[in-house]
Amino acid sequence: MKSVGRCRAHTNIALIKYWGKRNDELFLPMNSSLSLTLDAFYTDTQVILDESLVSDVFYLDDVKQGEKETEKITNFLNLFRNRANIETKACIKSYNHVPTAAGLASSASAFSALAGAMNQATNLNLDLETLSIFARQGSGSATRSIYGGFVEWDMGEADLSETSHAVQVDDASWDIGMIVIAVNTGKKKLSSRVGMKQTIATSPFYSSWVETATKDIKNIKKAIKSKDFVTLGEITESNGMKMHATMLGAMPPISYWEPDSVKAIQKVKEIRDTGLPCYVTMDAGPNVKVLCKKSDMTEIENRLLEDFDRKQIIPSHVGEGITLLSEDEWNY
């Protein structure tokens, strides 16, 4: 007997960053964060629970994954199997329309899609809040990709796993866009997990960053509520730069930036100085994201094309939350 689930999830880019865990096992963050879900990057995942299988099988972009990669997926699926009181193994096929490990939040869409597909395959019918809690235990940022628009990941209380989950703050349907400047979409040399641990352990700036992040999220939610784009952008840019400053203070210093990252940041500031409001943010990777008004995207793209190739400029509108896919919509 077989049971099937199929789901699409979009990636999200944090405007108030998550960088560091207070509990590694439960993926509980040091501070709350806030993100924007994007429609340009997504993951489609199919889960087939098959009683004839003796172990889980995991394919990523049609390539069968090894024992190490599959073990992480198995541990995640066990959250659902334990809840459903089943032991049935699964065949997972996942297609990533996001460059993997390049600082574009591929793990966020990947584990959110897997959560949605497994929820359907097991017939658990978990609500979105519970799915957010489950997705978090695959990848911290995945907790936010369950929802669309502006999403807050509440850090929760102490080590209580069920209190740390995401919630939609606003559907972001008010002239919001983002442009990704893909400086380098190759796999980064230092993983986010290792970078976080090193920053927490050695950077003297880290505690101050966590403290100011708490103020930033309070203020950015006010800006979102009042649809104050300039304040939204200023807080976004400041918070991202502060996070990278904590990494530079680590021992040894950590930098995900490349020369073209700096070039992109300078270009965005140059565009902003001409009167177009646009602001940069960066995650653990060299690629630069530009928060802007949707109505200004074409003009900003054209300005960026003065210094970057067309293939490096990826515009995105606001993405929606997880969606189940029918058999007809599964075009793989």
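1. A disulfide here means a pair of cysteine sulfur atoms within 2.5 Å, and a search of the whole structure finds zero of them. Cysteine 292 is in no disulfide either: the nearest cysteine sulfur, in cysteine 278, is 7.0 Å away.

2. A word on what you are looking at: this is a predicted model, where local features need pLDDT of at least 70 and side-chain atom pairs count only at pLDDT 80 or more, while totals for chains, interfaces and linings use all residues. Residues are numbered from 1 along each chain as its sequence is written, and side-chain values use heavy atoms, with hydrogens and water left out.

3. Are these two cysteines buried or exposed? Cysteine 91 counts as buried at 19% relative accessibility, and cysteine 292 is buried at 0%. Buried means under 20% relative accessible area, exposed over 50%, and partly exposed in between (1.4 Å probe, protein chains only).

4. Do look at the backbone around proline 252. A cis peptide bond joins methionine 251 to this proline, with omega about -5°. Proline 252 sits in the loop between α7 (229–248) and α8 (259–273). Helices (H or I, at least four residues) and strands (E, at least two) are DSSP runs, numbered from the N terminus.

5. Aspartate 61, not a glycine, has a positive phi near 50°. Its place is the loop between β5 (57–60) and β6 (63–64), and it is partly exposed at 36% relative accessible area.
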